Amino acid sequence: MSEYDTDVLVSADWVEDHLDEFQADDPDYRLVEVNSPESPEEGDFPSRYDEGHIPGAVGLQWDDDLSDPDQRDILKKADFEETVGERGISEDSTVVFYGDGHIPNWFALFAYWEFKYYGHDDARVLDGGKDYWVNEDYPLTDEVPDFDAVEYTAKGPFESIRAYKDDVDKAREVGIPMVDVRSPAEFSGETIAPEGLQETAQRGGHIPGASNVPVKTNLRDDGRFKGPDELEEMYADSGIDGDESVVTYCRVGERSAIAWFTLHELLGYDDVHNYDGSWTEWGNLIRAPIEKGEGD
């Protein structure tokens, strides 16, 4: 299915070959499109879900459907179970995520990470996301599926793939590698967040000791993931070879979920944690240490 020793990354051809299963009432296969936030820049998105999506795909919004409405957090377990079950997804479903954005699969990988946090076994990602699907002229529809709701019982949460502020403090103390996947301008403190996005911080810069590996460097020009040898070499240049714990972070944990996916799911590095508090938490904390500039 791909050049990786895992089936979590599926090709557009594989998805097209399974369109009948994705459109069936039986919940064995489910396809999920995750919309990215609206952007002020023209041309960021090939199409939104309601303008056309892969046949059989259900739509999710990162902020409305996958985030807690009352506090900065992902969905609570019961809310996650309800949200997922209402879309006709069972705990035994093969779920394939994809999304749009100026980074292919921008928030789709965050959804994948949230599903894994709650213990969903068979989750996969469409390589290249919606951008690749649209640009290569695969089929789209505006028909919204109406699957029967099912009972969903989450196995998690599994905290081993998540990092919190205290974990970052410990990582700094003992020298655990931290990967900041934001743009060089965000990392240096020149800007605080991508233009037009609401979640931001009072201060710019990066967590002391972090390395900057911008998220787009994980991807080819067409949005698909680079090969394993190239990615291993790229992360080894930042001192990450899979023998140590790693913390990834960005602005709200969505871009760093892509790096987490690369390291943990594609390259098979065991001890990788996504700090979804990321810069909107760290950059607002009183007396949290901040570095500016390009770093080491």
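Predicted model: local features only at pLDDT ≥ 70, side-chain atom pairs only at ≥ 80, totals over all residues.
Biologist: Which ground rules apply to the numbers and values here?

Modeller: Local features need pLDDT of at least 70 and side-chain atom pairs count only at pLDDT 80 or more, while totals for chains, interfaces and linings use all residues. Residues are numbered from 1 along each chain as its sequence is written, and side-chain values use heavy atoms, with hydrogens and water left out.

Biologist: Is strand 4 (residues 94–99) enclosed or open, and how many of its residues are buried?

Modeller: Strands are DSSP E runs of at least two residues, helices are H or I runs of at least four, and both are numbered from the N terminus. Buried means under 20% relative accessible area, exposed over 50%, partly exposed in between, with a 1.4 Å probe and protein chains only. Thr94, Val96 and Tyr98 point one way, Val95, Phe97 and Gly99 the other, and all are buried. Strand 4 is largely enclosed by the rest of the structure because the buried count is six of six.

Biologist: In what order do the five strands of the open sheet stand?

Modeller: The pairing is parallel. Strand 6 (162–163) and strand 8 (211–212) are the edges, each pairing on one side only. Strand 7 (residues 178–180) and strand 9 run parallel, joined by three bridges, and aspartate 180 stands opposite tyrosine 249. The order is 6-10-9-7-8.

Biologist: At what angle does helix 7 run to strand 7?

Modeller: Helix 7 covers residues 165–174 and lies across strand 6, strand 7, strand 9 and strand 10. Axes are lines fitted to C-alpha atoms, for helices over the stretch in contact (heavy atoms within 4.5 Å). Angles run from 0 to 180 degrees between N-to-C directions. For helix 7 against strand 7, the angle is about 115°.

Biologist: Which side chain forms a polar contact with that of threonine 248?

Modeller: Threonine 248 is found in strand 9 (residues 246–249), and counts as buried because its relative accessibility is 0%. A polar contact is a pair of N or O atoms within 3.5 Å; within protein, one must be able to donate a hydrogen and the other to accept it, and residues adjacent in sequence count only if both atoms are side-chain atoms. Threonine 248 touches residues including Val179, Trp260 and His273. The polar contact spans 3.4 Å, and the partner is asparagine 274.

Biologist: Which backbone oxygen does the side chain of histidine 273 reach?

Modeller: Histidine 273 lies in strand 10 (residues 272–275). Histidine 273 is buried because its relative accessible area is 15%. Its contacts include Ile161, Val247 and Thr248. At 2.8 Å, the side chain reaches the backbone oxygen of serine 160.

Biologist: How far is the backbone oxygen of tryptophan 62 from the side chain of serine 67?

Modeller: Serine 67 sits in the loop between helix 3 (62–65) and helix 4 (77–86). Its relative accessibility is 14%, so serine 67 counts as buried. Serine 67 also touches Asp73, Ile74 and Leu75. To the tryptophan 62 oxygen, the side chain spans 2.9 Å.

Technical notes. Pairing = 2+ DSSP bridges. Lists of a residue's contacts leave out its neighbours within four places in sequence.
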